[in-house]
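The sequence and structure come first.

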Amino acid sequence: MSPKNIRIEVMNAIEHKVDGFIDSFLIPIEEIWQPTDFLPDSQGEGFMEDVHQIREEAKELGYDFWVTMVADTITEEALPTYESWLMDVEGIDQHDGNKNGWSKWVRAWTAEENRHGDVLNKYLYLSGRVNMREMEITTQHLIADGFDIGTDRDPYKNFVYTSFQELATYISHKRVGQMAKKKGNTLLGKMCTIISGDEMRHHLAYREFVKTIFGEDPSGMLLAFADMMKKKIVMPAHFLRESGGSIGTAFETFSNCAQRLGVYTAQDYIDILGKLNTYWDLASLRSLSDDAERARDYLMKLPDRLKRISDRMKFPEEQYHFKWVEANGII
Ligand SMILES: [Fe+2]
Ligand SMILES: [Fe+2]
């Protein structure tokens, strides 16, 4: 059977578990937090005062911080790209009434994710620290440019990607929240912490999807995992650009900024890989093909290999001036 047909068969075989995944890892809409729970109530008397407080607190945070916040927000706001990409994956079928569990998952996951860009965008607008028009142009560019994360329509590769990426966003939102809190910005700290909690639940779900696939097709799953790591997991915003810029040009500069600030580093990438290797228990997989044995070997040695490379990596210290944020000298 072709790898594509095996994948469709595996996706169909585990589809009956998806309702259980939705119940375990997502929160019903009427019970979950909403953006307005963390923002000034625009119908309330104290609105102007609350906004004033946000603007005062925002003065304590510096240029690299805001650049990172803007890029994180834009990444969240490019959600249409991610939903449409996932809906096109083999085995995920949105044209099947409401019967396909996988498309139900994608929609419910999207609904949760949608609140992230929403709350962050409103906060940034109120903070007065961001050139919103420039940010909006970048968001629109990113959605129009789409992405290519090297997963094709393969569910195995896509779920490796999402397992990895959800943990990466957990780390970066959590660190941004801690920084905000440290500077006395309690509201922003709370917002980022609650978002990071969502990302963690999503990570736990996607890594469970992969674990389940390992139970059905260990060799195929291992080969897909190794293939993704050979290509490197690119960030969803890897095509980021500013107004007037060409595709992808803003991404590296932003990554350097996040690395400098310590929000998401090369070491985090290695740690995520190590955690996935452990959770998927690569060492105890049995009945592997020869190719898959080699893939396992590669994956188990990869964290140490990447560590040696990252120790030699240098990141530029100089600050590039993004159009999204005015430089103010505060770090
Ligand atoms: Fe998110
Ligand atoms: Fe997420």
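## Burial and the model

A residue is called buried when its relative accessible area is under 20%, exposed when that area is over 50%, and partly exposed in between. By this cut-off D154 and R7 are both buried. The model is predicted.

## The two iron ions

The iron ion (ligand 2) lies 3.9 Å from the iron ion (ligand 1), with E113 coordinating both. E113 belongs to helix 6 (residues 101–127) and E199 to helix 9, so the pair ties together parts that are 86 residues apart in sequence.

E199 and H202 sit in helix 9 (residues 186–216), 3 residues apart, which is about one turn of the helix. E199 counts as buried because its relative accessibility is 1%, and H202 is buried with a relative accessible area of 0%. E113 is buried as well.

## N158 in helix 8

N158 is part of helix 8 (residues 155–182). With a relative accessibility of 1%, N158 counts as buried. Its side chain makes a polar contact of 3.0 Å with the side chain of T151. The N158 side chain also reaches the backbone oxygen of D152, at 3.2 Å. Apart from neighbours within four places in sequence, the residues in contact with N158 are W85, L86, V89, I149, T151, D152 and R153.

## Helix 1

Helix 1 (residues 3–14) contains 12 residues and spans 17 Å from its first C-alpha to its last, close to the 16 Å expected at 1.5 Å a residue. Its buried residues are R7, V10, M11 and I14. Viewed down the helix axis, these buried residues fall within an arc of 100°, so they line one face of helix 1. The elements covering them include helix 2 (18–25), helix 6, helix 8, helix 9 and helix 10 (218–231).

## Salt bridges

Across the whole structure, a search finds 20 salt bridges. One of them joins D154 and R7, whose closest N and O atoms are 2.7 Å apart. This pair links distant parts of the chain: D154 is in the loop between helix 7 (132–145) and helix 8, while R7 is in helix 1, 147 residues apart. A further salt bridge connects E56 and K59, at 2.9 Å between the closest N and O atoms. E56 is partly exposed at 37% relative accessibility, and K59 is partly exposed at 46%.

E90 and R153 form a salt bridge with an N to O distance of 3.6 Å. E90 lies in the loop between helix 5 (79–87) and helix 6, and R153 in the loop between helix 7 and helix 8, so the pair ties together parts that are 63 residues apart in sequence. E90 is buried, with a relative accessible area of 14%, whereas R153 is partly exposed at 37%. Through salt bridges that share partners, K4, D88, E90 and R153 are joined into one network.

Technical notes. Residues numbered from 1 in each chain as written. Chains lettered and ligands numbered in written order. Predicted model: local features only at pLDDT ≥ 70, side-chain atom pairs only at ≥ 80, totals over all residues. Heavy atoms only, no water. Helix = DSSP H or I, 4+ residues; strand = E, 2+ residues; numbered from the N terminus. Buried < 20%, exposed > 50% of the residue type's maximum accessible area, 1.4 Å probe, protein only. Polar contact = N/O pair within 3.5 Å; in protein donor to acceptor, adjacent residues only side chain to side chain. Contact = heavy atoms within 4.5 Å. Donors = N, O, S within 2.8 Å, 3.2 Å for Na, K, Ca; no water. Expected span 1.5 Å × (residues − 1). Arc of directions from axis to C-beta. Salt bridge = Lys/Arg side-chain N within 4 Å of Asp/Glu carboxyl O.
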